[in-house]
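Subject: Structure handover

Hello,

Here is the structure I promised you. Please open it alongside this email, as the notes below go through it piece by piece.

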Amino acid sequence: MSLSLRPDVCATDTADGMVLLDEVTGRYWQLNHTAALILRGLIDGAEPPDMARALCEAYPRLTADRADADTASITRALIEARLVMPA
């Protein structure tokens, strides 16, 4: 499930990850480096299992199960917050 940002959501990279602004509600969302990595990958067309593998590569001590769970959790949170939509 690749995703795209909603048209009214702006993303800005930061030193610690990324900040998203919902221009409709005025709410800001701060993503840490891990969440930003996942979001960037999903926006670029990767699937969640691809991003879980990317997490394991970025963080060698991370288990595959934890990477899967983190990817699913972050993806679900972005969808529930209505920051992203299916691409």
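Contact here means heavy atoms within 4.5 Å. Keep in mind that this is a predicted model.

Start with T75. This residue sits in helix α3. Leaving out residues up to four places away in sequence, T75 touches M1, L3, I38 and L42. Is T75 buried or exposed? Its relative accessibility is 5%, so T75 counts as buried; the cut-off for buried is under 20%.

Now the helix pairs.

α1 with α3. Helix α1 covers residues 33-43. Its axis and that of α3 come within 10 Å and cross at roughly 75 degrees. That angle makes α1 roughly perpendicular to α3. On the α1 side, the contact uses T34, A35, I38, L39 and L42. On the α3 side, it uses D70, T71, I74, T75 and L78. By class, the contact of α1 with α3 has six nonpolar, three polar and one charged residues.

α2 with α3. Helix α2 runs over residues 48-58, and α3 over residues 64-80. Their axes come within 8 Å, crossing at roughly 130 degrees. This makes α2 oblique to α3. The crossing is right-handed. From α2, the contact takes P48, M51, A52, L55 and C56. From α3, it takes A64, A67, D68, D70 and T71. Seven of the residues in the contact of α2 with α3 are nonpolar, one is polar and two are charged.

α1 with α2. These two helices pack at an angle of about 140 degrees, and their axes are 10 Å apart. They are therefore oblique to each other. The crossing of α1 and α2 is right-handed. T34, L37, I38, G41 and L42 of α1 meet P48, M51, L55 and A58 of α2. The class count for the contact of α1 with α2 is seven nonpolar, two polar and no charged residues.

Next, the core. The largest nonpolar core has 20 residues. Which of them touch the most other members? They are M18, L20, L31, L39, L78, L83 and V84. Strand β3 (17-22) and helices α1, α2 and α3 are the elements that give two or more residues to this core. The largest share, five residues, comes from α1.

L39 deserves a look of its own. Residues up to four places away in sequence aside, L39 touches L5, M18, L20, L31, L78 and V84.

Two more residues to check on screen.

A72 is in helix α3. With 35% relative accessibility, A72 counts as partly exposed. A72 and M51 are 21 residues apart along the chain, and their C-alpha atoms are separated by 9.8 Å. M51 belongs to the α2 side of the contact with α3.

R82 is found in the loop between α3 and β5 (84-86). What is the phi of R82 near? The value is near 60 degrees, which is positive in a residue other than glycine. Most residues other than glycine have a negative phi. At 60% relative accessibility, R82 counts as exposed.

Best wishes

Conventions: Residues are numbered from 1 along each chain as its sequence is written. This is a predicted model: local features need pLDDT of at least 70, side-chain atom pairs count only at pLDDT 80 or more; totals for chains, interfaces and linings use all residues. Side-chain values use heavy atoms; hydrogens and water are left out. Axes are lines fitted to C-alpha atoms, for helices over the stretch in contact, and angles run from 0 to 180 degrees between N-to-C directions. Helices (H or I, at least four residues) and strands (E, at least two) are DSSP runs, numbered from the N terminus. Angles under 35 degrees count as roughly parallel, over 145 as roughly antiparallel, 65 to 115 as roughly perpendicular and the rest as oblique. A crossing is left-handed if the near helix is turned anticlockwise from the far one by less than a right angle, and right-handed if clockwise. Ala, Val, Leu, Ile, Met, Phe, Trp, Tyr, Cys and Pro count as nonpolar, Asp, Glu, Lys and Arg as charged, and the others, Gly among them, as polar. A nonpolar core is a set of buried Ala, Val, Leu, Ile, Met, Phe, Trp, Tyr and Cys residues joined through side-chain atoms within 4.5 Å. Buried means under 20% relative accessible area, exposed over 50%, partly exposed in between (1.4 Å probe, protein chains only).
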